[in-house]
Amino acid sequence: MLRSLSRLLRGQPPCPVPILSATLEADDAALAQHWLNQPEAWHDAGPVAEWEQVFADWLGVRGAFAFMGGRAALYAVVRALGLQAGDAVVVPAFTCQCVVNAFRYQGIDLVYADIDPGTYGLDVASVERVLTPACKAIMLQYSFGLISRDLEAVLALARQRQLKVIEDCAHATGASYRGRKLGTLGDVAIFSTERSKIINTIHGGTVATSDPLLIERMRDIQRNAPLPAAAKIGQLLNTVIHNHYTYAHAQRWLTAYWAKWRYGQRILPQMFAEEFRGEYCAHYSERMPAPVAALSLNQLRKIDGFHQRRLQAAAHWDAWCEREGYEKPLVVAASDPAFLRYPVCVAPEMKQDVRWAEEQLNVIAGVWFASAAHPLPLEPADCPVGARAARQCINLPTLL
Ligand SMILES: *Cc1c(COP(=O)(O)O)cnc(C)c1O
């Protein structure tokens, strides 16, 4: 509270714009409370089936399958594609450990390709260089919700080499290219509703595909997937309410203190201890329970409003880049990016400690990604652009 007062005295807003959970509004918190009050319904199938139908229709695919996270969705995709131990998958040298885990848990080798400096997406020339006969798939990742510069070239290369294309849309829900939503361009896509993403249910993720064989296999995998324990679902709902009062409430400089006392003891973490060690974690196998589906539906209803706000913020940061002499991210022709965050490369020492952004810009800055497999300290060979981004790319919030 003292910090807020001192900020006010200096003529600043009482607290900086957050990068997590800013979409959790009062109606989402009320919905979480409603579900907290009826634990007997947490394992109902109805809301999950509704979410999958609504999401599939919204995206324009034949099948959607809901899991406890984007990483769980990816782990299911690895199995649905029939990838075997010893197979390899190409991923960008600018991703996160939960992606790496989802492949490594099945014994899949990762082959890192470099990214392009404007969109942080796979660089097709690098993909061609690193491909080996063991490679069975390419994972396209739309970092920050940007459409990759080499999207079409990578899709063409995959077709030519008969490689499966997985789209990692964790940052890109609602983005499109040439009028087609991302997540409909490859063989199969994963989406996330984790608290740092476009829409937010604290944890949650969904697979999307129109491939009949993959749909059949996904159905099987999902049917056999366990639901999370009741204690975990309760923690998740508690975290929704906590995060609303901590990150999204208009008077959060005050409500955050109350929320910490009232809800702060039961927070579900973003990553679990085993994951950091690269050990198997049950979270990757769990399917989505009813309350998370209901929260997903409520958030998706509001996505167009969030999208407009993010585009406005991106224009604000564009102008800031022009004033300050920073390179703007590249928005390729005919693309409608989601701008989950606004990436910009700054001096390495400005990334090592991003608190300057609170003082100078009134925002919390993020550090995605500080290594090729964040936060794993990994620096693959021959990926200089990814290595530079790991040292210098920070991201600014886009719900201002
Ligand atoms: C967050 C994220 C995921 C995983 O999503 P979760 O819902 O957090 O499991 C996958 N890929 C990328 C690039 C991400 O940032």
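**The ligand site**

A: Among the secondary-structure elements, helices α4 (70–80) and α5 (97–104) each supply at least two residues of the shell around the ligand; helices here are DSSP runs of H or I with at least four residues, numbered from the N terminus. The model is predicted, so local features need pLDDT of at least 70 and side-chain atom pairs count only at pLDDT 80 or more, while totals for chains, interfaces and linings use all residues. Residues are numbered from 1 along each chain as its sequence is written, and side-chain values use heavy atoms, with hydrogens and water left out.

In total, 14 residues surround the ligand, each having a heavy atom within 4 Å of it. The closest are Arg71, Asp168, His171, Ser192 and Lys197. By class, the shell holds four nonpolar, six polar and four charged residues. In this division Ala, Val, Leu, Ile, Met, Phe, Trp, Tyr, Cys and Pro count as nonpolar, Asp, Glu, Lys and Arg as charged, and the others, Gly among them, as polar.

A polar contact is a pair of N or O atoms within 3.5 Å. In the side chain of Arg71, a polar atom lies 2.6 Å from an oxygen atom of the ligand. Asp168 has a side-chain N or O atom 2.6 Å from a nitrogen atom of the ligand. At Gly204, a polar backbone atom is 3.5 Å from an oxygen atom of the ligand. The ligand taken alone exposes 380 Å², of which the protein buries 97%; these accessible areas come from the Shrake-Rupley method with a 1.4 Å probe.

Notes:
Polar contact = N/O pair within 3.5 Å; in protein donor to acceptor, adjacent residues only side chain to side chain.
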